[in-house]
Amino acid sequence: MAPKVKGVIFDMDGLMFDTERIWDTFWAPCCAHLGLPEPPPEFYSGCRGLASEFLRVYIGRFYGDRADELLKEVWRYGAEQFEKGVPCKPGLKELLDYLEQIGMPRIVASSSPKDIIERNLRTTGTAKYFDDVVCGYDVKKSKPEPDIFLEAARRLNLDIHDCLVLEDSHNGVRAGHASGAVTVMVPDLMPVTDEMKSLYNFCCKDLYEVRALMEAGTI
């Protein structure tokens, strides 16, 4: 059966690539480099899925007026580390191959800086599968607001209601739901909560399951 949706919008960190865990390892060495104390355990979960402007505010709660300096150092260090390549999430390339075979448009919509998105696509060999990339700087309001997904649908020349949004984070699911897209959560480090269950259309354990639902015409 043919899928019901006409285009797919992919989040990146934690959805396409197993990078959320890697990002967590960057903070301690960057803090040490700047002479700052290591983040407390509760720091890590709070910064996941945040766009840069929200992330700066969040970091400021722990590091005050050095928040911007620390964030820039983490991005610099992260770009250096990601140049070595990042691991793909299970089922990513199989899903992308399927979408390529059926000619379905796809785009990346991530809060990460554009250079990091493009680097990850390049080093994993997945850039060829995507029509475009939307980053947090391309819209006025970041997730959980729906702007980034609405812009992605516009670039695909599709109605957002005909688009599938794939997300792992709570803010991403909130944004997908708010946009009106068919929203699927593929959990990574963040748990499935009652709130998430009320917002997403489907929850899949991995991207293999997403492909199976599309092939069955469920999505």
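A residue counts as buried here when its relative accessible area is under 20%, as exposed when it is over 50%, and as partly exposed in between, using a 1.4 Å probe and protein chains only. With that in hand, let's walk through the model.

This is a predicted model, so to speak of local features a pLDDT of at least 70 is needed, side-chain atom pairs count only at pLDDT 80 or more, and totals for chains, interfaces and linings use all residues. Residues are numbered from 1 along each chain as its sequence is written, and side-chain values use heavy atoms, with hydrogens and water left out.

**The whole chain**

The protein chain has 11 helices and six strands; these are DSSP runs (H or I of at least four residues for helices, E of at least two for strands), numbered from the N terminus. Its radius of gyration is 17 Å, close to the 17 Å that the globule rule gives for 219 residues, so the chain is as compact as a globular protein of that length. That radius is taken over C-alpha atoms, and the rule is 2.2 Å times the number of residues to the power 0.38. Along the principal axes, the C-alpha atoms fill a box of roughly 60 × 35 × 30 Å. Of the 219 residues, 53% are buried. Contacts (heavy atoms within 4.5 Å) with a separation of 6 or more come to 65% from residues 24 or more positions apart.

Start with α9 (residues 170-179): seven of its 10 residues are buried, so the helix is largely enclosed by the rest of the structure. The buried ones are His 170, Asn 171, Gly 172, Val 173, Ala 175, Gly 176 and Ser 179. They pack against α8 (147-155), β4, β5 (182-185) and α10 (194-199).

Now for α6 (residues 92-102), where Leu 92, Leu 95, Leu 96, Tyr 98 and Leu 99 are buried. Seen down the helix axis, these fall within an arc of 160°, so they line one face of α6; the arc is that of the directions from the axis to the C-beta atoms. Their packing partners are β1 (7-10), β2 (106-110), β4 (163-167) and α11 (207-215). Just after α6, Gly 103 takes a positive phi of about 70°.

**Single residues to look at**

| Residue | Relative accessibility | Class |
|---|---|---|
| Glu 73 | 9% | buried |
| Ser 111 | 18% | buried |
| Asn 157 | 70% | exposed |

Glu 73 sits in helix α5 (residues 67-82). Leaving aside neighbours within four places in sequence, Glu 73 is in contact with Cys 30, His 33 and Leu 34.

Ser 111 is in the loop between β2 and α7 (114-124). Not counting residues up to four places away in sequence, Ser 111 touches Leu 50, Ala 51, Gly 136, Lys 143 and Ile 148. Take Leu 50: it and Ser 111 are 61 residues apart in sequence, with their C-alpha atoms 7.2 Å apart in space.

Lys 143, one of the residues Ser 111 touches, is joined to Pro 144 by a cis peptide bond with omega of about 20°. Pro 144 lies in the loop between β3 (132-135) and α8.

Past α8, Asn 157 is in the loop between α8 and β4. Asn 157 has a positive phi of about 60° although it is not a glycine.
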